[in-house]
Amino acid sequence: MASEEFIYSLAYLLIAVCVVVPPTEFRSAGLTVQNLLSTWLGSEDVYFIHYHIKRTTATVVVHSLLPIGYYIGLSFVAPDLNLQTPWEANSLWQLYLLASTIYLICASALAVYWKSHKWSCHRIARTLSYHGTSWRAVAAAIDIEFRRIDKFTSGPSGARVIITDSWIMKVSAYNVNVAHQQDCHLNILKSEDHSISHESSTGAQFLTIEVISVNGNIKPFTIRLNSSEYRDLKDKVQAPVVNARNVVITQSLTDRFLDAFREQVAHNPRYHLPEGSVEPDPCIGCMQITSNVKLQKFCEDASQGECVQCYCRPMWCMECMCKWFANRQDQRQPETWMSGKSPCPTCRSKFCVLDVCRLA
Ligand SMILES: [Zn+2]
Ligand SMILES: [Zn+2]
Ligand SMILES: [Zn+2]
């Protein structure tokens, strides 16, 4: 009998852990609180804040069912404990039943209380109310920014970092931390090196960054991300990023190459747009930045070498041109990239790093 109880307890513990911190396999199979309740929760993309207010409420209730669920299950697995007739059970089990019932009642009462006040007393709503006169107006502003495609997101859905044009947010099981970009600064706390992470086979570095707001009602919170995403984060954050502890951030190979590429291009001759020509269009690679490079054969005399003069008008930004170039190099030998050649993305004329000219 004892072994059955033990196996049941172990299995229940395992399931409980998977409910509380769903592993990747559970998430991809859709076995998470948010997936099972998706119709009630609504759309995260349209009503981000309401979605998370409801999701955290549901999480509080679902998690509060776990202790009493264990008791009910055990009462069937081990009838000799008399759990189905608690007045005859061991006093320790009576205490357990009492505690788990109180926990369930409190969690449900809290959920009912939040819902009956139209969520205004929920933790997330209270956080938002510190950012404006009405939390609903702040929520609407966040929803609008969340719908934009250019937001920065990182991490799995249960522990996600989201940075929009004016907000830094961290989604966790019971809460969403929200800080207004204008009010805060970021502080790099530490880095952890993992030789192999479970999401990639190559080594990874994770950074822990603290978000500190001058708004006294907003408690500082930490966000964690892969250092390969650090550049994207910095592009999105207007708030200052302080690295007071001099944490060494390992950049991805492409990022390191981009630095070298940028430095070489800075030494190359500039290209002057012909008189009367129209302003260059946005880069066709990223559609974000105005095209700012032109390929001009400068590496050797016009008739010599492998490179060919390209006659395309400026259509790319330097970063996209660099990524295009890097993708066409031997990925196993990054040390040869600087001396490599690549076809022009549009006309296929060969060029090298010496031929990339910034627009003057
Ligand atoms: Zn671009
Ligand atoms: Zn070309
Ligand atoms: Zn060349």
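Predicted model: local features only at pLDDT ≥ 70, side-chain atom pairs only at ≥ 80, totals over all residues.

Trainee: Fine. Which protein atoms are the donors of the zinc ion (ligand 3)?

Mentor: Cys299 (SG), Cys307 (SG), Cys352 (SG) and Asp355 (OD), lying 2.0 to 2.3 Å from the zinc ion. Donors are N, O and S atoms within 2.8 Å of the metal (3.2 Å for Na, K and Ca); water is not among the atoms, so sites may look incomplete.

Trainee: And what's the arrangement of the four donor atoms there?

Mentor: Tetrahedral, because the angles they subtend around the zinc ion (ligand 3) are 98 to 121°. Four donors count as tetrahedral if all angles lie between 85 and 135 degrees. Along the chain the donors of this zinc ion follow the spacing C-x7-C-x44-C-x2-D. Cys307 sits in the loop between strand S9 (293-295) and helix H11 (318-327), and Asp355 in the loop between strand S11 (350-352) and strand S12 (356-358), so the pair ties together parts that are 48 residues apart in sequence. Helices (H or I, at least four residues) and strands (E, at least two) are DSSP runs, numbered from the N terminus.

Trainee: Are Cys307 and Asp355 buried or exposed?

Mentor: Both are buried. Buried means under 20% relative accessible area, exposed over 50%, and partly exposed in between (1.4 Å probe, protein chains only).

Trainee: What coordinates the zinc ion (ligand 2)?

Mentor: Cys310 (SG), Cys312 (SG), Cys344 (SG) and Cys347 (SG), at 2.2 to 2.3 Å. The donor angles around the zinc ion (ligand 2) are 100 to 118°, which makes this arrangement tetrahedral. The spacing of its donors is C-x1-C-x31-C-x2-C. Cys344 counts as buried at 2% relative accessibility, while Cys347, at 34%, counts as partly exposed.

Trainee: Sheets next. What's the strand order in the antiparallel one?

Mentor: S1-S2-S3-S4, an open sheet of four strands. Its edge strands are strand S1 (152-154) and strand S4 (176-180), each pairing on one side only. Two strands pair if DSSP finds at least two bridges between them. Strand S3 (residues 167-171) and S4 pair over five bridges, and Val171 has Val176 in S4 as its bridge partner.

Trainee: Which strands does helix H5 lie across?

Mentor: Helix H5 (residues 48-77) lies across strand S2 (161-163), S3 and S4, at about 25° to S3. Helix H8 (residues 135-147) also lies across S2, S3 and S4, but at about 90° to S3. Axes are lines fitted to C-alpha atoms, for helices over the stretch in contact, and angles run from 0 to 180 degrees between N-to-C directions. Contact means heavy atoms within 4.5 Å.

Trainee: And the order in the mixed sheet?

Mentor: S7-S6-S5-S8, again open with four strands. Strand S5 (residues 184-194) and S8 run parallel, joined by two bridges; Leu186 is partnered by Val241 in S8.

Trainee: Last one: where does Ser227 lie?

Mentor: In the loop between strand S7 (221-226) and helix H9 (230-236). Ser227 is buried, with a relative accessible area of 5%. Beyond its neighbours within four places in sequence, Ser227 is in contact with Gln205, Leu207, Ile249 and Thr250.

How values were computed:
Residues numbered from 1 in each chain as written. Chains lettered and ligands numbered in written order. Heavy atoms only, no water. Tetrahedral: all angles 85-135°; square planar, octahedral: opposite > 155°, others 65-115°.
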